[in-house]
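Please find below a short note on the model under review.

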Amino acid sequence: MLMDEVRGEAFLRKLPADIRDSLSPAQAEAISRVAQGTIQRRHPIDLRLSLPIPFGERAYAVFLVGKEKRSPARRAIDQELRPNDRVSQFVVLGLAVATFSLAAFIGLLFHNAILAP
């Protein structure tokens, strides 16, 4: 991947010149490879919203969808650090289904209104 290689080299260029010059070729290559793997990838669906809530505050909501690339070990660590609340998951799923159903119903109403004589 050419772009990853460019990013790895850009990371190395950010190091102070004296430190960069002191690295052996093997060290520089290893650091470049690690830097290539740390670049965040874009998700196919990435929705980030800042929503106003009462009393002048704002809430931040994120909806991401993409291919699972974490290893089983990483998923286990994430599960320990941020345990899932099943009730919250069902509430969010229910809201998503309700929103989709409402959008489909409104679409059908408009579709029938346009086709009705």
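Which residue takes a positive phi in the hairpin of E1 and E2? Point 3 gives the reply.

1. Basis. This is a predicted model, in which local features need pLDDT of at least 70, side-chain atom pairs count only at pLDDT 80 or more, and totals for chains, interfaces and linings use all residues. Residues are numbered from 1 along each chain as its sequence is written, and side-chain values use heavy atoms, leaving out hydrogens and water.

2. Overall make-up. The protein chain holds five helices and two strands, in the order α-α-α-β-β-α-α from the N terminus. These elements are DSSP runs numbered from the N terminus: helices are H or I of at least four residues, strands E of at least two. Of its 117 residues, 6% count as buried, that is, under 20% relative accessible area with a 1.4 Å probe, protein chains only.

3. E1 and E2 pair in the antiparallel sense over nine bridges; pairing requires at least two DSSP bridges. Asp46 stands opposite Leu64 in E2. Three residues lie between the strands, and Phe55 is the residue with the positive phi, near 70 degrees.

4. Nonpolar patch. Ile45, Leu47, Leu49, Leu51, Phe63 and Val65 make a nonpolar surface patch of about 480 Å². E1 (45–53) and E2 (57–65) each supply at least two of the patch residues, and E1 gives the most, with four.

5. Leu47. This residue of strand E1 counts as partly exposed because its relative accessibility is 43%, the class between 20% and 50%.

Note on methods. Patch = residues over 30% accessible without salt bridge, like charges linked within 9 Å, V, L, I, M, F, W, Y side chains within 5 Å. Areas by Shrake-Rupley, 256 points an atom, 1.4 Å probe, with all protein chains shown as cover. Salt bridge = Lys/Arg side-chain N within 4 Å of Asp/Glu carboxyl O.
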